[in-house]
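Let's take a friendly walk through a protein model. Have a look at the picture first, and then read on.

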Amino acid sequence: MTTITFIRADIAQHKDVLLAMNLEYMGWVAAHIQQDFGIATEDLLGMRTANQIAGRNSDAGKLR
């Protein structure tokens, strides 16, 4: 049997996995906003959710 071990995420080591999880979660949220309220998140954000997340995780999107 495989044992699952939970570890603390390290942004330097796990960035790709964390971004993928964030994209998946935000895609789910966006779908339910559309379904429940009839509003596309693209209209709220002015861009696709994936682009918003990518921008926040690039050098251009970092807070100074």
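## A term to start with

A polar contact is a pair of N or O atoms within 3.5 Å. Inside a protein, one of the two must be able to donate a hydrogen and the other to accept it. Keep this in mind for Thr49, whose side chain makes a polar contact with the side chain of Thr41, at 3.2 Å.

## The overall picture

What you see is a predicted model. The protein has 3 helices and 0 strands, and along the sequence these give the pattern α-α-α.

How many of the residues are buried? Of the 64 residues of the protein, 8% count as buried. The protein exposes about 5,800 Å², and carbon and sulfur atoms supply 58% of that area.

## Helix 1, from start to end

Begin at the N-terminal end of helix 1, which is capped by Asp10. A side-chain oxygen of Asp10 lies 2.9 Å from the backbone nitrogen of Ala12. Helix 1 itself covers residues 11-37.

Now follow the helix along. With its 27 residues, a straight helix would reach 39 Å at 1.5 Å a residue, but the end C-alpha atoms of helix 1 are only 34 Å apart.

Is Met47 buried or partly exposed? Its relative accessible area is 32%. Buried means under 20% and exposed means over 50%, so a residue in between is called partly exposed. Met47 is therefore partly exposed.

## Thr49, a buried residue

Thr49 lies in helix 3. Why does Thr49 count as buried? Thr49 counts as buried because its relative accessibility is 13%, and the cut-off for buried is under 20%. This is the residue from the opening section: its side chain has the polar contact with the side chain of Thr41.

Note on methods
Residues are numbered from 1 along each chain as its sequence is written. This is a predicted model: local features need pLDDT of at least 70, side-chain atom pairs count only at pLDDT 80 or more; totals for chains, interfaces and linings use all residues. Side-chain values use heavy atoms; hydrogens and water are left out. Helices (H or I, at least four residues) and strands (E, at least two) are DSSP runs, numbered from the N terminus. The expected span of a helix is 1.5 Å times one less than its number of residues. Buried means under 20% relative accessible area, exposed over 50%, partly exposed in between (1.4 Å probe, protein chains only). Accessible areas come from the Shrake-Rupley method with a 1.4 Å probe; for residues, only the protein chains shown count as cover.
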